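Me: I would like to learn how to read a structure like this one, feature by feature. Please start with the general idea each time and then turn to the case at hand.

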Amino acid sequence: MDFGIAVATSTNSWKVVQRAEELGFNHAWFYDTQLLCADVYAVMALAAHNTSKIKLATGVTIPSNRISAVTASAFATLNELAPGRIEFGVGTGFTGRRTMGMNAIKLQDMEDYVHEVYGLLAGDTVETTMEGQKRKIRLLNPDSGLINTKDKIELHMSAMGPKARQTCARLNAGWANFIGDINAANADLQDMQEAWSGAGNTGDLYSTAFALGCVLADGEAFDSDRAKAQAGPLCAVAFHNFVEMEERGSLFPLDPSLQGTLDEYKKLYANYEPADAKYLDLHAGHLIFLRDDEKDLITGDHIQGMTFTGTVSQIRDKVAAVRDGGYSQLTVQIVQGHEDAVEDWAEVFKGM
Amino acid sequence: MDFGVSVSTRSDSWKMAKRAEELGFNSIWFYDTQMLAADPFVVMGAAAMATSKIRLATGVLVPSNRIAPVTANCLGTVNGMAPGRVDFGIGTGWSARRAMGLGAQKMIDMKKYIQVVDALLDREMIEWDFEGKPRKIKFLNPELGLINTDDPVPVHISAMGPKTRDLTAELDVHWIDFFTSLDGTLADIADMDRAYRDGGRDPAKYRKTAFTFGCVLGEGEDAGDDRAKAQAGPVAAVTLHNAMEYGEGLFSEVSEGEPENVKAYRGIYADYEPKDAKYLHLHKGHVMNVRPEESHLIDGDLIRSTTFTATAPELRERLQALKDAGFTEVTFQITEGQDQSIEDWAELAASL
């Protein structure tokens, strides 16, 4: 099994990525969330500069952020800085668009975008629609050495629902999934495998499970400050998602045991300002830190249920379960300000 | 007066940034031409790491390439890597959009775009039109330091006509001009000063940068010789490319009394394929190289009359005139593959 780290992209992310490479991690994934983090492509340039083996991937980039040609050019630029180590993670935009008060883009639009980016990288002339006009475009001098379009850039797609998984299979892409509960994670993978073979793919599916968590010291509680800081943001994101469920749908079904906390979240939400843009407060710190107002709502039970938190041996059992379930890679997010956690995770993964 | 360099962005342009810094240049400007070159923000990230004094600028960014929040985020990111050394050059898109068969963007769209980027970098909430609806947006956690919103990022508008110059004054920002002829450029700055005064601004407060493209001729060297042609020819060719697209619905100007070389170029242009996307061939190698089929038309006369090409004493006189007229910076394009020319320009600049 491969192991990776994910980061809420920051101008200094290259340091933890460099350390992850030294510790033997295979991948580093960088979030593309323009109102929360730093720019994914600029930060990947620094990481490319300071590493030599680790794979660097967008995790995941959002089509509506940049026109397809800009994304193709950015990937080809990085691919020259780190030849053959750049990977293209893509999704329809949950975090990145919710922070702007918007739903995800249509799957079809994402699929078209992926085809345009790969068409451009292959040197093809592709048709794109810009400002309501259809235009033929291609990279005009890919052989000039300004960029690298030769080394392959692998595709991964974040796909939470059945239709998205069909798209992922049709694109013959690697699959990225955020996981918490192990049984649900493995059930997701089975669904994805069915979609994969249903699409007639003959090669193996490459699947990456994204998790947050905290390696607890002996006797440390699930709701310790450390655990809350390192694992809590994923629990909070689940509730951010549920709060907007009526308006925007949900990424996953609501477990009845979470209703009480959700009600508390809704009370907070009722007071967020401005009233026509409550998403601004709701998503502040999204997948990065727990806000003061939500800190007490996230409990040890949430952390235990939704994240990879426990002692080394407890976490190893979970890792073994997803490995045996068939996941190709497990990636853990290293939370800003807790970069030392990468050492804990290296210890957990050692010898697995 | 300061001096800078500009480049068709390459994956390894950080090397040029480093050399420019060593030679005492004030700034390096990276083109945002996704169909032709590498991504400016990726490269600015790498350049930030390799330098410590030189200013890093988009030269110029095209609004339609990325949504405004992404651009604000990119600028904040590079500003985190090179604090206080980032400049935001912007235009309505000539090279980048023509290479996709599109005319320049509307000025009003560029204006709104600048306002959104500026407000976000000032940590303000702003209403932004996207996908047909106004949305309130802001950076949700700028205080975390994942990006730098503390150091200012000055805005420079590339403004070739009176209306865009009026907008430059209205927005209280700096100005970029493209040197064509000395008389033309002196007339440009007189009009820019007029626009600042009309807008109630003091013209002396602003940065006024002239971009030049050319070659420092040696003793007895002609503008049509190989070296000059390699350095200045690609830009001279652009004047002919430009003429081909007049009257194709993209541009309002129609050239009168066509010169012989334009007529001759029409013969070449007639054969470009595909017929509905001739721009794909016409702009291949734009400002980087002269194509074989056009080479015979790019002669000494054209290069002398349309570019910044002359002997050192003559160029020094022109620079002195630009300085006297109030330009605060002149940039020299280091043409793709002609890296050694930076030494000539440094010597010329030092002699002023």
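Reply: Helices (H or I, at least four residues) and strands (E, at least two) are DSSP runs, numbered from the N terminus. Chain B has 13 helices and 12 strands. This is a predicted model, in which local features need pLDDT of at least 70 and side-chain atom pairs count only at pLDDT 80 or more, while totals for chains, interfaces and linings use all residues. Residues are numbered from 1 along each chain as its sequence is written, and chains are lettered from A and ligands numbered from 1 in the order in which they are written.

Me: Why is chain B described as being as compact as a globular protein of its length?

Reply: The radius of gyration is taken over C-alpha atoms, and the globule rule is 2.2 Å times the number of residues to the power 0.38. For 352 residues that rule gives 20 Å, and the radius of gyration of chain B is 20 Å, so chain B is as compact as a globular protein of that length. Along the principal axes, its C-alpha atoms fill a box of roughly 60 × 50 × 40 Å.

Me: Which strands make up the closed barrel in chain A?

Reply: Two strands pair if DSSP finds at least two bridges between them. In chain A the closed barrel of eight strands runs β1-β2-β3-β4-β7-β8-β9-β12, with parallel pairing. From one strand to the next, the twist averages 25°.

Me: Which residues are the bridge partners of A:Ala6?

Reply: A:Ala6 has A:Trp29 as its bridge partner in β2(A), and A:Gln333 as its partner in β12(A). Strand β1 (residues 2-7) pairs in the parallel sense with strand β2 (residues 27-30) of chain A over four bridges, and β1(A) pairs with β12(A), also parallel, over five bridges. On the other pairing of β12(A), four bridges join it to strand β9 (residues 207-211) of chain A, with A:Ala209 opposite A:Leu330.

Me: Is strand β12 of chain A buried or exposed?

Reply: A residue is buried if 20 or more other C-beta atoms lie within 10 Å of its own, exposed if 12 or fewer, and partly exposed in between, with C-beta atoms placed from the backbone. Five of the five residues of β12 (residues 329-333) of chain A are buried, so this strand is largely enclosed by the rest of the structure. In a regular strand the side chains alternate between the two faces of the sheet. Here A:Gln329, A:Thr331 and A:Gln333 point one way from β12(A), and A:Leu330 and A:Val332 point the other way.

Me: Where does A:Glu116 sit, and which residues does it touch?

Reply: Two residues are in contact if their C-beta atoms, placed from the backbone, lie within 7 Å. A:Glu116 is in helix α5 (residues 107-121) of chain A, and is buried, with 22 other C-beta atoms within 10 Å. Not counting residues up to four places away in sequence, A:Glu116 touches A:Ser68, A:Val126 and A:Thr128. A:Glu116 and A:Ala69 are 47 residues apart in sequence and 7.8 Å apart in space, C-alpha to C-alpha.

Me: How many residues does each chain bring to the contact between chains A and B?

Reply: The contact takes 51 residues from chain B and 53 residues from chain A. On the chain B side, α3(B) gives the largest share, eight residues.

Technical notes. Axes fitted to C-alpha atoms, helices over the stretch in contact; angles between N-to-C directions.
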